[in-house]
Amino acid sequence: MGGGFLEIHNNVVRVLTDFAEKAQEIDVPQAEKDLKHAQEAMINPALGIDIAAALIAVRHAQARIDAARKAANKEE
């Protein structure tokens, strides 16, 4: 995963990132699979699994799912 930059100045938020996707374009079933895989990696870490990376993957997948569902609810 790439890095990012967040700046807040005079009630204006500027976000620079290496990666972004539109909520409407998120593949929710794939994000759910990614979430399950990352959660399993945290529960049963295999040799060489980085727990911190797994936690980041969990948060990323959950954020994608949340964004997609929020966008879907706005469309209804």
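Asn11 lies in the loop between S1 and S2, and in this predicted model, for which local features need pLDDT of at least 70, side-chain atom pairs count only at pLDDT 80 or more and totals for chains, interfaces and linings use all residues, Asn11 has a positive phi of about 60° although it is not a glycine. Residues are numbered from 1 along each chain as its sequence is written, and side-chain values use heavy atoms, with hydrogens and water left out. Asn10 is placed in the loop that separates strand S1 (4-9) from strand S2 (12-17), where strands (E, at least two residues) and helices (H or I, at least four) are DSSP runs numbered from the N terminus. The phi of Asn10 is also positive, near 50°, in a residue other than glycine. Most residues other than glycine have a negative phi. With a relative accessible area of 79%, Asn11 is exposed, and Asn10, at 64% relative accessibility, counts as exposed as well; the term exposed denotes over 50% relative accessible area, buried under 20%, and partly exposed the range in between (1.4 Å probe, protein chains only). The side chains of Asn10 and His9 are joined by a polar contact of 3.3 Å, a polar contact being a pair of N or O atoms within 3.5 Å of which, within protein, one must be able to donate a hydrogen and the other to accept it, while residues adjacent in sequence count only if both atoms are side-chain atoms.

Helix H2 (residues 51-75) contains Arg64, which counts as buried because its relative accessibility is 14%. The side chain of Arg64 makes a polar contact of 2.6 Å with that of Glu21. When residues up to four places away in sequence are not counted, Arg64 touches Glu21, Ile26, Asp27, Ala31 and Asp34, contact being defined as heavy atoms within 4.5 Å. His60 is likewise found in helix H2, but counts as partly exposed, at 31% relative accessibility. The C-alpha atoms of His60 and Leu35 are separated by 8.2 Å, these two residues being 25 residues apart along the chain.

For the protein as a whole, the secondary structure comes to two helices and two strands, which follow the pattern β-β-α-α when read along the sequence. The radius of gyration of the protein is 15 Å, whereas a compact globule of 76 residues would have a value near 11 Å; this radius is taken over C-alpha atoms, and the globule rule is 2.2 Å times the number of residues to the power 0.38. The C-alpha trace spans about 45 × 35 × 15 Å along its principal axes. Of the 76 residues, 16% count as buried, and among contacts between residues at least 6 apart in sequence, 48% join residues at least 24 apart. The accessible surface comes to about 6200 Å², of which 55% belongs to carbon and sulfur atoms.

Conventions:
Areas by Shrake-Rupley, 256 points an atom, 1.4 Å probe, with all protein chains shown as cover.
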